[in-house]
Amino acid sequence: MADDFAIELTDVRFHWPGQSRPVLAIDALQVAAGECLLLRGASGSGKTTLLNLLAGVTTAQQGRVLVLTTDLGRLRSSQRDAFRAAHLGIIFQMFNLIPYLSLVDNVLLPCRFSRQRRAKAVQRHGDLPNAARRLLSGLGLPLDDIGDRSTTELSVGQQQRVAAARALLGSPELIIADEPTSALDTETQESFLQLLFQEVRAIGATLICVSHDPALQPLFDRTVEITTINHSVSS
Amino acid sequence: MSAIFSLAWKSLLNRRFTVLLTLFAIALSVVLLLGVETVRRDAKLSFANTIAGTDLIVGARSGSIQLLLYSVFRIGHATNNISWRSYQDIAALPQVAWTIPIMLGDSHRGYAVMGTSADYFQQYRFARDRSLHFAEGGPFVDLYDAVIGAEVARALDYTLGQEIIVAHGMGATSFAKHDDKPFRVAGILEHTGTPVDRTVHISLEGFEAMHVDWRGGAPIPGMTISADEARAMDLTPRSITAFLVGLESRRDVFRLQRAVNDYRQEPLLAILPGVALQQLWDLMRVAETALLMISVCVVVAGLIGMLAVLLASLESRRRELAILRSVGARPRHIMALLVSEAALLALLGAVLGMLALYGLLALTQGWVEARFGLYLALSAPGIPELRIVALVVGAGCLAGLVPAWRAYRYALVDGMTLRN
């Protein structure tokens, strides 16, 4: 797997239905397996569209989107959903959690939709509650201290850690994080990212992090400016 | 799929307050629907169980339903009596096995007083083939003996030997009383679940004795005949209200009915209880249907309320739906989640309604029987009840398709984009 690319975009064009001008035009983007990549771009740079393409929520009208060597454009929508459930962990900017589920239930959510993730989690940690506990304590949220409480009682920083634990559960090969630290204050941003890197490397996953914040740049293996690869913006 | 179901359950739990209100609305509508069904069924059963083994009922010519109602159910009044001569003539016909004369019109504290013969206690049948039994005492022997039904004894707390003053006419507050000729309770009948329970039975002669010094609904001025003086008089009734006829052979029933209806001396009417009862059902069907339609509308209103709650919450749940999509939920999972929520609400509402109805029945059973003479059975839910519950749940699932469809659209449009 090491010489494979986790992500490989070739001549991708995406435009909204009814509009001829693409919002995304990327000739090439390659991310090596196991890499921690920062995709930097302001809002309007097409980063949301790019993430939706990578996650298989939308498909490009032209070009190839290979994720984990799978051509997402060739999959039907239900197959892309299944692919996402099995291979991707996603972290949003904030309010990542389902309010009516407990902390542990939120972490275990991917297992409800992917048998593969469930099997991997059980294989790695013995059983599901243990998997949730190990992941949470790895991210600095020891369950024994805070207990399995309602997610509404958690601080924003704690919520992001729960979201990260959920994304990591069942060892998906690709983690996508959309501005995961922008709701955190500067001191906790770095510690959160360091813990995330540590856990991502522990399962050998690839991390793609989108942010507008140039301060995060030194923490990542590599940084790609979206505006430099997406010429629909510059042209 | 069970994953979706548990998600739906937790999501409902999270919105306890609105969910509970919705549940109550659905439960209430189910109580109404099932209640109407129960009352309808039990009323029919109790009517059908009131008379059995009687081949014909004969009274003055009027409507057949009217005759059935006043002679058997003590509902309404006879417009005319029939003469004792006519009764004797028909009772003497060779096809007739037995007759029970009935004299109505007076009451005791709101309960009908019925003059009849002692044969009544032997021949009267109800609920297919049950006969009357005495809980205490026996049939009337003395002229001023009375036999009371179980409900009369219970409600008025009467025991054997209790003195009874009969009031002239019907109604609990009659001014004219036959207080010069008091009766005495000689027997108390066992509970039957029929109007017999709410009847005071006396002999025809006793009924006549009360009225020897009365004419046209009032005492004859200046004429008083004491209770003991009346004993010496001829107390053969001049007229009776109606009589029940049992035949030697049921094959003769139509021939005898025609004979009675063609009786030349007096306009009479003979009815078959079963046929008259069927006519009564036909008459009631309109009211039944109307009641049923109203209950169905209430159920629909309850489900629309549920729909409104689900739809109103949907907009604020778009973020939740996007999160579910991001962890791998497919649009059809989102749809299933919403339908499950609606189905759970409808199911819980229906079950809650059923339980509430049983509680209500258990609480009011005695009162309803005492007040309306209607025995509401507290039986395990049968096929009709389960069918109603299944229909409500089915309709709930169908209603759930509306928010499910919208959520499905949201799931497709939003993808993983977090709105708001």
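**Exercise 1.** By about how many helical turns are Glu151(B) and Arg154(B) separated in helix α6 of chain B?

*Solution.* The model is a predicted one, in which local features need pLDDT of at least 70, side-chain atom pairs count only at pLDDT 80 or more, and totals for chains, interfaces and linings use all residues. Residues are numbered from 1 along each chain as its sequence is written, chains are lettered from A and ligands numbered from 1 in the order in which they are written, and side-chain values use heavy atoms, with hydrogens and water left out.

Step 1. Helices (H or I, at least four residues) and strands (E, at least two) are DSSP runs, numbered from the N terminus. Helix α6 of chain B covers residues 150-156.

Step 2. Glu151(B) and Arg154(B) are 3 residues apart in this helix, and therefore separated by about one helical turn.

Step 3. A salt bridge requires a side-chain nitrogen of Lys or Arg within 4 Å of a carboxyl oxygen of Asp or Glu.

Step 4. Residues are classed by relative accessible area: buried is under 20%, exposed over 50%, partly exposed in between (1.4 Å probe, protein chains only). Glu151(B) is buried at 8%, whereas Arg154(B) is exposed at 54%.

**Exercise 2.** Which parts of chain A does the salt bridge between Arg40(A) and Glu225(A) tie together?

*Solution.* Step 1. The N to O distance between the side chains of Arg40(A) and Glu225(A) is 2.7 Å.

Step 1. Arg40(A) belongs to strand β3 (residues 36-40) and Glu225(A) to strand β9 (residues 222-225), so the bridge links parts of chain A that are 185 residues apart in sequence.

Step 2. Arg40(A) is buried, at 18% relative accessible area, and Glu225(A) is partly exposed, at 25%.

Step 3. Over all chains, the salt-bridge rule gives a count of 29.

**Exercise 3.** Where do Arg238(B) and Glu208(B) lie?

*Solution.* Step 1. These two residues form a salt bridge, with the closest N and O atoms 2.8 Å apart.

Step 1. Arg238(B) is in the loop between α8 (227-231) and β14 (239-240) of chain B, while Glu208(B) is in helix α7 (residues 204-210) of chain B; the pair therefore ties together parts 30 residues apart in sequence.

Step 2. Arg238(B) is partly exposed at 47%, and Glu208(B) is buried at 11%.

**Exercise 4.** Is Arg74(B), a residue with positive phi, buried or exposed?

*Solution.* Step 1. Most residues other than glycine have a negative phi. Arg74(B) has a positive phi near 55°.

Step 1. The residue lies in the loop between α3 (64-72) and β2 (82-83) of chain B.

Step 2. With 18% relative accessibility, Arg74(B) counts as buried.

Step 3. Asp11(A) also has a positive phi, of about 50°. Asp11(A) is in strand β1 (residues 5-14) of chain A and is partly exposed at 43%.

**Exercise 5.** At what angle do α2(B) and α13(B) pack?

*Solution.* Step 1. Axes are lines fitted to C-alpha atoms, for helices over the stretch in contact, and angles run from 0 to 180 degrees between N-to-C directions.

Step 1. The angle between α2(B) and α13(B) (residues 383-414) is about 155°, and their axes are 11 Å apart.

Step 2. Angles over 145 degrees count as roughly antiparallel, under 35 as roughly parallel, 65 to 115 as roughly perpendicular and the rest as oblique. The two helices, α2(B) and α13(B), are therefore roughly antiparallel.
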